[in-house]
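Biologist: I have a new model open and would like to walk through it with you. Could you take my questions as they come?

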Amino acid sequence: MHTLKDLRGNSMSSKTNATAAIWIGYYRAQSRTDIFNVAYHHKCVNEMANPSLSKSGGDPGITPLSPSHIQQSDTDQVQSGPSFVVVVAIDFGTTSSGYAYAFTKEPECIHTMRRWEGGDPGVSNQKTPTTILLTPDRKFHSFGYAARDFYHDLDPSESKHWLYLEKFKMKLHTTANLSIDTEIHAANGKRVKALDIFAYALAFFKEQALKELSDQTGSEFDNSNVRWVITVPAIWKMPAKQFMREAAYKSALVSRENPEQLIIALEPEAASIYCRKLRLHQMVDLGTQTTQNGFSPNDNVGSGMTQAKEHARRNRQSRTFLVENVIGELWSELEEGDRYVVMDCGGGTVDLTVHQIRLPEGHLKELYKASGGPYGSIGVDYEFEKLLCKIFGQDFIDQFKIKRPAAWVDLMIAFESRKRAAAPERTNPLNINLPFSFIDYYKKFRGHSVDHALRKSNVDFVKWSSQGMLRMSPDAMNTLFKPTIDHIIQHLTELFEKPEVSDIKFLFLVGGFAESALLQQAVQNMLQGRSRIIIPHDVGLTILKGAVLFGLDPSVIKVRRAPLTYGVGVLNRFVEGKHPPEKLLIKDGTRWCTDVFDTFIAADQSVALGEMVKRSYTPAKPSQQVIVIHVYCSEKESAGFISEPGVRKCGTLRLDVSGTESSAPRREIQTLMQFGDTEIRAMAIDVSTGRTVKASIDFLSH
């Protein structure tokens, strides 16, 4: 084998990826743009009897793109550009969803969606429930209130054949090996592909939004004029984020040929962007509770929110929200380097991001990687279900949910509106309607009445009322909130102990669950005045409005933390005592160490928007026709070998160089990975011809 030399002609030590049939000799420069020298040997995979070869992926079939598709500047980022007439953001929530939009010519006017048909007493219907109904032959029937109401009106003998799904978004967070084929359960216990359900939901929002835009503009609105934004929790792992993009392709929201038409926005980031615009009359400051916010300091927690809700209700008739093209008064108090936390409390997850302000433009820098967990308000629903199991028996509840799925949905709707009435100072009991079919089915199942079950159970804080209701004491309701709120407070406490999270000026509480007076009080008690707690009015729409602003200007978040460690697999010169013996490969008398993980960027490392890490390679043999580089990732900050547990292949760069001649003595192949956006990009360029391939980083194939 020829001596490997770098691009300057110096002899070098070597590295490459055995599984990708690559030999790489490298010279590590001090700069970010490290120079590598690569020799490829097309037979080496067949000749290496190495246990780690199972990592090798077959031919991924990536086709070359023309060089004009590439922007190689450091500021390469998603451009809002003149090509889009409108930005439509979809807040796809665990419990409720909605959309909002703004025309690029009028970025200060954010329009929230039309009022939905249906609705619940005591629950604002600015968004619609994230519920979907499929016909017995699995065709899309309806979404939101329409789905719920139709399902509710079906005869029990019919309803068991229909597929009704709710709270399905959490499946993307809780599934360990998420893939395109992951399935979820409908209320009747039948399984259905998750991708189909998410695609149906996005197609529904696409149809609604385009219809509204067509009505607004007076002619049929073309989807190609829309930039779409979909919100996801920041704590979601990369497979879940990619899953949403795949669902968008399947729903024809956007096409694979035009991926930049869709931006994935992180929920707390969107909220953060919106909070910059807040005026004093658009928020409640829990810490000071001064009269400027419409109530006096001795009012208890929650009264400010009541007035805020009333204010929002009055404003809601217009559906158009004016974002003044200025920084809000609150923001003007922030100085260079000030830090704040956004706590997004949704139905499924609680997401926290820590941002620092960068003046003069007011750009944002992520200081600590997004954290949180599955501590959303549906945790309270699960506690209620556990309580029912304790009173009526797990066997009965399991059976009732399958035999009378529509009645179970009714019961949970009744609980939802009472859940929202829970407050620290409440003294009167909360009544929850039991559906007639619950009372009737229980009597048939057990042979005695619901009243008898309550008397026999040891649950003394839930009584039976003769009007057919469960009567819960306020303490009983507060107990249902406790496990979920305890998780949130524990996480918040741990976060505030991190060195990056000291001197926090504001904590913005956003998301639907942030309306809970019990949660507000718990956060206040934990912080003890260390930070000011700010709650925007119409708190459930904060993320939606922020997502529209993000779609109009995706470059507002300048620095993020890398969620994973990324790199490529390479070969290194074997060093006795340093490298494991099982990694030894002898080729043409040279001793190599296989499967070395060569890091491009480490987890939790700060990366600027559009920041590129660039490496140069060169094939040693002029006869080399195809160059293959595999990209790997890991949640660990450092990985030694691609065969370690937790390291997975997430992308392949395959560059066909056949039929081309390089004028240089050695052909230079550049590999670039771009970070700092909400998604990762990778590409390879044959410098002599300008031929380029982009890798689709794939987290869903196993």
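Modeller: Go ahead. Of the contacts in the protein with a separation of 6 or more, 71% are accounted for by residues 24 or more positions apart. Keep in mind that this is a predicted model.

Biologist: How many helices and strands are there in the protein?

Modeller: The protein has 17 helices and 35 strands. Buried residues make up 57% of its 702 residues.

Biologist: Let's take the sheet of eight strands. What is its order?

Modeller: The order is β15-β24-β23-β17-β18-β19-β25-β29, in an open sheet with mixed pairing. β15 (283–285) and β29 (606–608) are the edge strands, each pairing on one side only. From one strand to the next, the twist averages 25 degrees.

Biologist: In which sense do β17 and β23 pair?

Modeller: Parallel, over six bridges, with β17 covering residues 339–345 and β23 covering residues 504–510. Met-343 has Leu-509 of β23 as its bridge partner.

Biologist: Which strands does α7 lie across?

Modeller: α7 lies across β17, β18 (350–358), β19 (363–373), β23, β24 (532–536) and β25, and runs at about 125 degrees to β17.

Biologist: And is α7 buried or exposed?

Modeller: Buried, from Glu-267 and Pro-268 at one end to Tyr-274 and Cys-275 at the other. Nine of the nine residues of α7 (residues 267–275) are buried, so the helix is largely enclosed by the rest of the structure.

Biologist: What about α15, which strands does that one lie across?

Modeller: α15 lies across β17, β18, β19 and β23, running at about 30 degrees to β18. Helix α15 (residues 474–496) also lies across β20 and β22, and there it runs at about 85 degrees to β22.

Biologist: What sheet do β20 and β22 belong to?

Modeller: An open sheet of three strands, in the order β20-β22-β21, with antiparallel pairing. Its edge strands are β20 (430–433) and β21 (462–465), each of which pairs on one side only. On average, neighbouring strands of this sheet are turned by 30 degrees against each other, direction ignored.

Biologist: How many bridges join β20 to β22?

Modeller: Four, and the two strands run antiparallel, with β22 at residues 469–472. Asn-431 has Arg-471 in β22 as its bridge partner. Helix α10 (residues 378–392) packs on this sheet and touches β20, β21 and β22; the direction of α10 makes about 110 degrees with that of β22.

Biologist: Change of topic, helix pairs. At what angle do α11 and α12 pack?

Modeller: At about 110 degrees, with the axes of α11 (residues 394–403) and α12 (residues 405–419) 5 Å apart. Angles of 65 to 115 degrees count as roughly perpendicular, and α11 and α12 therefore fall in that class. On the α11 side the contact is made by Ile-397, Phe-400, Lys-401, Ile-402 and Lys-403, and on the α12 side by Pro-405, Ala-407 and Trp-408. Those residues divide into six nonpolar, no polar and two charged.

Biologist: And what is the angle for α5 and α6?

Modeller: About 65 degrees, with the axes of α5 (residues 194–217) and α6 (residues 238–250) 8 Å apart. The crossing is right-handed. Residues of α5 including Phe-198, Ala-199 and Leu-202 meet residues of α6, among them Phe-243, Met-244 and Ala-247. Nine residues of the contact of α5 with α6 are nonpolar, none polar and three charged.

Biologist: Now β33. Are its faces covered or open?

Modeller: Both faces are covered, with Ile-669, Thr-671 and Met-673 buried on one side and Gln-670, Leu-672 and Gln-674 buried on the other. As a general point, side chains in a regular strand alternate between the two faces of the sheet. Six of the six residues of β33 (residues 669–674) are buried.

Biologist: What does β33 form with β34?

Modeller: A hairpin with six residues between the strands, and Gly-676 in the turn has a positive phi of about 90 degrees. Six bridges join β33 to β34 (residues 681–686), and the strands run antiparallel. Gln-674 stands opposite Arg-681 in β34.

Biologist: Last one, where is Ser-555 found?

Modeller: In the loop between α17 (542–552) and β25 (557–561). The relative accessible area of Ser-555 is 11%, and buried means under 20%, so Ser-555 is buried. The C-alpha atoms of Ser-555 and His-363 are separated by 8.5 Å, although these residues are 192 residues apart along the chain.

Technical notes:
Residues are numbered from 1 along each chain as its sequence is written. This is a predicted model: local features need pLDDT of at least 70, side-chain atom pairs count only at pLDDT 80 or more; totals for chains, interfaces and linings use all residues. Side-chain values use heavy atoms; hydrogens and water are left out. Buried means under 20% relative accessible area, exposed over 50%, partly exposed in between (1.4 Å probe, protein chains only). Axes are lines fitted to C-alpha atoms, for helices over the stretch in contact, and angles run from 0 to 180 degrees between N-to-C directions. Angles under 35 degrees count as roughly parallel, over 145 as roughly antiparallel, 65 to 115 as roughly perpendicular and the rest as oblique. Contact means heavy atoms within 4.5 Å. Ala, Val, Leu, Ile, Met, Phe, Trp, Tyr, Cys and Pro count as nonpolar, Asp, Glu, Lys and Arg as charged, and the others, Gly among them, as polar. Two strands pair if DSSP finds at least two bridges between them. A crossing is left-handed if the near helix is turned anticlockwise from the far one by less than a right angle, and right-handed if clockwise.
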